[in-house]
Amino acid sequence: MNWKEFLKSNALKLLAGGFVIGIGFVGVASAMLHATGTPTFCGQCHSMQHEAETFKVSSHREQDCVECHLPHDNSAIYLIEKGRTGMVDMYHEVMRDYPERIELDENARKMINKNCLRCHESTMSYVDDRNDNCVKCHSRIAHGSNHLEGGIKIE
């Protein structure tokens, strides 16, 4: 049997098999995307252990790290930024050159502020003096004022 005959006689089986493999791939990729954004995953790195510990006692502890630390406007941008930040974090973890206290750069601060406003949109409707700089006053909510203190509990 030649290749053309094989494809012609098995086309439906090949399509069904490809579909099943595709669905399996999408399921595994989706599960991995979710798992790699959790505090459990992020806290495995030596440089993020303190952040993970302080996050466990914060009022936002039920959220995943990616809710604050990645953009949510566009799925493609989200995936690109997730890959980029993951590679940067892995590089610094391998090189062991993270500072003792990790500081947010201006882009990260803007992204976190935007995500605060995304999640707390209904609360923000009551705020008169809205300057879209949540981190300025609420910087200690998720990780505390130092690595060992933990976040401010607002119950």
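Glu 106 and Arg 109 sit three residues apart in helix H6, about one turn of the helix. The two join in a salt bridge, with their closest N and O atoms 4.0 Å apart. Keep in mind that this is a predicted model.

**Helix H6**
- H6 covers residues 106-119, so to speak a run of 14 residues, and reaches 20 Å from its first C-alpha to its last, close to the 20 Å expected at 1.5 Å a residue.
- Buried residues in H6 are Ala 108, Met 111, Ile 112, Asn 113, Asn 115 and Leu 117.
- Among the elements covering those buried residues are helices H4 (65-69), H5 (75-95), H7 (121-124) and H8 (134-138).

**Salt bridges**
- The count comes to six salt bridges.
- In helix H3 (residues 49-56), Lys 56 and Glu 53 are also three residues apart, about one turn of the helix.
- The side chains of Lys 56 and Glu 53 meet in a salt bridge at 3.1 Å, N to O.
- Lys 56 is exposed, with a relative accessible area of 52%, while Glu 53 is partly exposed at 45%.
- Arg 96 and Glu 93 pair up too, their side chains meeting in a salt bridge at 2.6 Å, N to O.
- Arg 96 is exposed at 56% relative accessible area, whereas Glu 93 is buried at 12%.

Definitions and conventions: Residues are numbered from 1 along each chain as its sequence is written. This is a predicted model: local features need pLDDT of at least 70, side-chain atom pairs count only at pLDDT 80 or more; totals for chains, interfaces and linings use all residues. Side-chain values use heavy atoms; hydrogens and water are left out. Helices (H or I, at least four residues) and strands (E, at least two) are DSSP runs, numbered from the N terminus. The expected span of a helix is 1.5 Å times one less than its number of residues. Buried means under 20% relative accessible area, exposed over 50%, partly exposed in between (1.4 Å probe, protein chains only). Contact means heavy atoms within 4.5 Å.
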